[in-house]
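Work through the exercises below with the sequence and the 3D structure at hand, and try each task before reading its solution.

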Amino acid sequence: MKHLVFFLLSILAGIIHDFPRVEKERKPNIIVFLVDDLGWKDLSCYGSSFYQTPHVDRLASEGLVFTNAYASCTVCSPTRASIMSGQSPARLHLTDWIKGYKLKNKPLLSPRWTPFLTLETKTVAEYLKESGYQTAHVGKWHLGEEEKYEPQHQGFDVNIAGYKKGQPPSYFFPYKRKNWKPIPYLEGGQEGEYLTYRLTEEANNFIRYSSQKDSPFFLYLSHYTVHTPLQAPDSLIEYYEERVDIQAQQKNATYASMVHSMDQSLGRVRAVLDSLDEWENTMLIFASDNGGLSGASKHNGPTSNAPLREGKGTAYEGGIRTPLIIHYPGKYSEGKTTSTFAISMDIFYTVLDVAGIKQDSNNKDGLSLLSLKDSAFQNLSNRSLFWHYPHYHVRGATPYSAIRNGDYKLIEFYEDRHLELYNLANDIGEQKDLSQELPTVRKRLYRELNKWKKAVDAQPPLVNPAYQAKVKK
């Protein structure tokens, strides 16, 4: 009897062996390619005639390009926290760059905000890691002063060069300067090595390693460039110096070189993916964490966001409107441009949607942009977007909150409680304040803004008693 059982099992095994194997489809790889301080018009596919970005342009020609994409904050750390968590900076109470400015001679004080991404906040990397993804962070982190808040404790298997600082001491090896320690988690290097290229190679090494595994990968390539200090290879600077038009709005050769090196990075990442036959199974999201560091106002800055008003660290479009390109082979129409609204938190939900992961939070401050491939796409333009920045910034921002709904954007300034209203459809430069001309629109948006602030428990700025006492004297 025993031999008969083995005989029957052997026959059954042979039958099963002869059936064609049905391999389970592997989940797509996911790359978030985040650039620091990249302005809305810092790419040739977004209208720059000075900066040359052929690899980003190619991505745009094959993907989905957003013209109404926004960072969730006018500075970096809050936006980065919202990408990681899917929650607005206001809900997280992480509303300024870490450490933030300590400006005491002002009418208002910052609230007791949270200067780190809490370990209780479940990150996109933690969700993906639980779902079988290899996860790596490469580049800028800037989400907490202590080691315990670094990427390796927030869901990333690998952390390269991510720590508390928001900019590198230098873009050249050994990546240090006076009173600054070298970038940690970045071992070795060669004299003259350029940080943007080094981070790219580290990212590509992770891709090569992951391609050998029977699991998808999540790469968060978070470049320090194009943040200051302005430094780039001499050969690139010389190339752009020969092309400077002194009358043009964008004319900083070093900054142009940093944009160029970022574009080269994207090209090198794509080349490795192509060589490993991974490109067609990879979704890549290209984004920025806030508007460009513009010199349009009284402050100097290396780029121009025109026709947008001002730039990073301000309440206006130049501070929050950013490039956003999504490339997902077979899922989006190639070379499509959309004016639908998008904001940083959407990256979190889009990534989880692509990975087939349901997240368990009711605090949803963003939407999956995968719905752009079906009829729900049309409804995204009807959503309202919100900002809350209860701080001062040296580049011009005073404490404010804002809402965009349809063509209109309302800004509430806390110092004197005045409101500004703009129609962005015909005044993208925010030159004509309509708050007195359109009281019905102003009241409707202000009511919705206040309702949102209450729902997310937005922290208001505090009255500065020392300033008030000084004024009374």
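**Exercise 1.** Find how the residues of the lining of the largest pocket divide into nonpolar, polar and charged.

*Solution.* The lining divides into 6 nonpolar, 6 polar and 8 charged residues, where Ala, Val, Leu, Ile, Met, Phe, Trp, Tyr, Cys and Pro count as nonpolar, Asp, Glu, Lys and Arg as charged, and the others, Gly among them, as polar. The model is a predicted one, in which local features need pLDDT of at least 70 and side-chain atom pairs count only at pLDDT 80 or more, while totals for chains, interfaces and linings use all residues. Residues are numbered from 1 along each chain as its sequence is written, and side-chain values use heavy atoms, leaving out hydrogens and water. Next, locate the centre of this pocket: of its 20 lining residues, Trp97, His142, Gly166, Gln167 and His227 lie nearest to that point.

**Exercise 2.** Describe the orientation of helices H2 and H8 to each other, and name the residues that bring them into contact.

*Solution.* Begin with the axes: those of H2 (residues 54–62) and H8 (residues 253–275) come within 7 Å and cross at roughly 60°. The two helices are therefore oblique to each other. Then turn to the contact (heavy atoms within 4.5 Å), to which H2 gives Pro54, His55, Val56, Arg58, Leu59 and Glu62, whereas H8 gives Met262, Asp263, Gln264, Leu266, Gly267 and Arg270.

Note on methods
1 Å grid on protein atoms, 1.4 Å probe; cavity = no way out; pocket = protein on both sides within 12 Å on 5 of 7 lines; lining within 4 Å. Axes fitted to C-alpha atoms, helices over the stretch in contact; angles between N-to-C directions. Helix = DSSP H or I, 4+ residues; strand = E, 2+ residues; numbered from the N terminus. Parallel < 35°, antiparallel > 145°, perpendicular 65-115°, else oblique.
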